Amino acid sequence: AVFKRVCATCHNATVAGPRKLGPTLHGVVGRKVASVEGFRYSTAKRDANLVWTPDQLDPYLLNPREFMPGTTMAYAGLKSDADRKNVIAYLATLK
């Protein structure tokens, strides 16, 4: 429910299906940052040498611009600890 309310406006949760403002989040947990083919990432994301793990996603989802200065993700952050935990758990199921 949180994913649909907060993320689905800009992100898809399926492998192929329609491109939105942001890249698909299918398979994001365990994926290298800025690695979805054909998506144009910010320099900050392209230069990041990170893999999206729950430990990386949590502070990113809390405050994307603080975690990764220069990101073009236009989202202020998900302040609720429980909501972030639930979104990350959901993302981990998308394999």
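The lining of the largest pocket divides into 20 nonpolar, five polar and three charged residues (Ala, Val, Leu, Ile, Met, Phe, Trp, Tyr, Cys and Pro count as nonpolar, Asp, Glu, Lys and Arg as charged, the others, Gly among them, as polar). This is a predicted model, where local features need pLDDT of at least 70, side-chain atom pairs count only at pLDDT 80 or more, and totals for chains, interfaces and linings use all residues. Residues are numbered from 1 along each chain as its sequence is written, and side-chain values use heavy atoms, with hydrogens and water left out.

On the helices (DSSP runs of H or I, at least four residues, numbered from the N terminus): α1, α3 (54-62) and α5 (81-93) each give at least two residues to the lining of the largest pocket. The largest share, three residues, is from α3.

Next, His11. This residue sits in the loop between α1 and α2. His11 is buried because its relative accessibility is 14%, and buried means under 20% relative accessible area with a 1.4 Å probe, protein chains only. Beyond its neighbours within four places in sequence, His11 contacts Phe3, Lys20, Gly22, Pro23 and Leu25 (contact means heavy atoms within 4.5 Å). Its side chain reaches the backbone oxygen of Pro23 at 2.8 Å.

Last, Ser42. Ser42 is placed in the loop between α1 (2-7) and α2 (43-47). Is Ser42 buried or exposed? Ser42 is buried, at a relative accessible area of 9%. Neighbours within four places in sequence aside, Ser42 is in contact with Gly70, Thr71 and Thr72.

Methods
Buried < 20%, exposed > 50% of the residue type's maximum accessible area, 1.4 Å probe, protein only. Polar contact = N/O pair within 3.5 Å; in protein donor to acceptor, adjacent residues only side chain to side chain.
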